[in-house]
Amino acid sequence: MGITVPAAESGEGQDLAYSVFARSCPSRGTLEHVTGRWGSLTLGALHGGTCRFNELRRRVDGVSEKMLSQTLHALERDGLVHRAAQPTNPPRVDYTLTPLGHEVAERLLTLIHFLEGRMDDVLEARERYDETREAREN
């Protein structure tokens with residue numbers, strides 16, 4: 001299941017135990033959890049610190065309760081999010097990033113900030129594309 005990374009990319013050839021490009025590789029599922037809309041937004045929101053469920057739901061505008069719950073379960077299972085239930089009445093549950101989750105969130109936020117900074121270029125490209133497509137269809 002492993003791949004060899006060319007020396008030019010890694011400094012020296014090394015055999016990786018996992019390859020997201022292999023259909024059966026477990027890294028593919030984690031990549032989907034991290035890069036899916038709700039996963040990336042949830043990790044980004046938790047980068048700011050510990051959140052309770054409803055606080056997190058408010059921060060991730062548009063996510064349903066069901067989707068946030070599923071996302072948190074997947075991220076917790078992957079070791080990216082820690083769920084801490086407090087034995088209080090009513091119960092209190094806090095979500096935080098694990099060290100691995102923090103590292104992943106840092107990388108995601110770099111991409112997020114890059115995209116936010118280049119949205120004018122993206123919007124111009126969309127406009128050109130739409131105009132060209134519309135002209136071809138007419």
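Let me start with leucine 111, which counts as partly exposed because its relative accessibility is 47%, where partly exposed is the range between buried, under 20% relative accessible area, and exposed, over 50%, with a 1.4 Å probe and protein chains only. Leucine 111 sits in helix α6, residues 99-117; helices here are DSSP runs of H or I with at least four residues, strands are runs of E with at least two, and both are numbered from the N terminus. Together with Phe114 and Leu115, Leu111 makes a nonpolar surface patch of about 290 Å². Such a patch takes residues with over 30% relative accessible area and no salt bridge, joining nonpolar side chains (Val, Leu, Ile, Met, Phe, Trp, Tyr) within 5 Å and like charges within 9 Å, and a salt bridge is a side-chain nitrogen of Lys or Arg within 4 Å of a carboxyl oxygen of Asp or Glu. The areas come from the Shrake-Rupley method with a 1.4 Å probe, and for residues only the protein chains shown count as cover.

Residues are numbered from 1 along each chain as its sequence is written, and side-chain values use heavy atoms, with hydrogens and water left out.

The mean pLDDT of the chain, pLDDT being the predictor's confidence in each residue from 0 to 100, is 89, and 88% of the residues reach 70 or more. Over residues 1-13, however, the pLDDT is below 50, although this stretch has 23 contacts in the model beyond near neighbours in sequence, a contact meaning heavy atoms within 4.5 Å. Where pLDDT is low, the predicted coordinates should not be read in detail.

As for the overall plan, the chain has seven helices and five strands, which follow the pattern β-α-β-α-α-β-α-α-β-β-α-α along the sequence. Of its 138 residues, 25% count as buried.

Which residues of α3 are buried? They are Trp38, Gly39, Ser40, Thr42, Leu43, Ala45 and Leu46, and because these are seven of the 10 residues of α3, the helix is largely enclosed by the rest of the structure. One of them, serine 40, in the helix that spans residues 37-46, counts as buried because its relative accessibility is 12%; leaving aside neighbours within four places in sequence, serine 40 is in contact with His33, Val34, Thr35 and Leu108.

Valine 81, in strand β4, is buried because its relative accessibility is 3%. Beyond four places in sequence, the contacts of valine 81 include Leu43, Leu46, Leu72 and Tyr95. Tyrosine 95, in turn, touches Leu46, Leu72 and Val81, among others outside its four-place neighbourhood.

Finally, a detail of the backbone: the peptide bond from asparagine 89 to proline 90 is cis, with omega near 0°, and proline 90 lies in the loop between β4 (81-86) and β5.

Key:
Predicted model: local features only at pLDDT ≥ 70, side-chain atom pairs only at ≥ 80, totals over all residues.
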